[in-house]
Amino acid sequence: MDVMPYQNQAEGFVKRYLLADPCLPYTSVLAGIFLCKMVYDLMESFSSIHIKSYSALTKMKRIEWNNRRVGISTVHAIFISLMALYFVFFSDLFSDQTSLQGLMVFRSSPLSNFGLGVSVGYFLADLGMIIWLYPSLGGLEYIFHHSLSGVAVAYSLFSGEAQLYTYMVLISEVTTPSINLRWYLDTAGLKRSKAYLINGVAIFLAWLTARILLFIYMFYHVYIHYDQVVQMNTFGYLLVFVVPIALSVMNLMWFGKIVKGLKKTLEKRQ
């Protein structure tokens, strides 16, 4: 019985402050950073006990395993992909047919803010690791990608503008688990396995859909809703065009490498 008053006070504090609309963007970013740390530690503990090949990896490979390839990166990709797919294709929040008030480009909700906040926390944590261990976890292209993405997502979170387009771009994270699986199969010496080939085809199809075709659809959506986009803040307006165009160029460059890699894998199996 003595515990109940403290429990009620804790619940009241969470509802009144941590989950209150003005605080939610900040608490969700902190939650994203905390979750990254938690997943890293859990992955390190689990892998060292249950995965035999983990102990044979170098220190840097173990960090990459926990952070980029199997742990944090994959968990964030699954989380934000599900959130993005929901808001883009299933939620009425950004629909033209909804009875919600206000222009589509200015709509947001506590749930949409929470999803973006967790993603900002991930980009900050991952960018910090990349810079701290540079260039072991990635070169300048990774720093540029994370910085650009982090700024765009953070602006959308704190301004409430263009959240639909932010989530459209974040759907591209659906390609991350298969990319990470490719690294795992390569590290495990399974480049000639059937699983490696199937995963390569999955990467090709996912990349084509989420990072090429969906971006084309996003540009079309911006075009038909330009009367709303033009009413955004100047910085937000620029981000709607600059970020997707820059990411599209990078996606096309990486897609060329994916096609070459898949062709090489198929030729070796013939």
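## Spans from the record

The end C-alpha atoms of residues 235–255 are 29 Å apart, and this span is 100% helix and 0% strand. For residues 197–223 the end C-alpha atoms lie 38 Å apart, again with 100% helix and 0% strand. Helices here are DSSP runs of H or I with at least four residues, and strands are runs of E with at least two, numbered from the N terminus.

The unreviewed UniProt entry annotates "transmembrane region" at residues 70–91, 111–133, 197–223 and 235–255. Such annotations may be inferred rather than shown by experiment.

## Basis of the model

This is a predicted model, in which local features need pLDDT of at least 70 and side-chain atom pairs count only at pLDDT 80 or more, while totals for chains, interfaces and linings use all residues. Residues are numbered from 1 along each chain, and side-chain values use heavy atoms, without hydrogens and water.

## Packing of H2 and H5

Helix H2 (residues 24–50) packs against helix H5 (residues 110–132) at about 50°, with the axes 7 Å apart.

Residues in contact (heavy atoms within 4.5 Å) include Gly32 and Tyr40 of H2 and Phe114 and Met129 of H5.

## Two loop residues

A cis peptide bond, with omega about 5°, joins Tyr134 and Pro135. Pro135 is in the loop between H5 and helix H6 (140–159).

Ala162 lies in the loop between H6 and helix H7 (163–170). Ala162 is not a glycine, yet has a positive phi of about 55°. Its relative accessible area is 8%, so Ala162 is buried (under 20%).

Note on methods:
Axes fitted to C-alpha atoms, helices over the stretch in contact; angles between N-to-C directions. Buried < 20%, exposed > 50% of the residue type's maximum accessible area, 1.4 Å probe, protein only.
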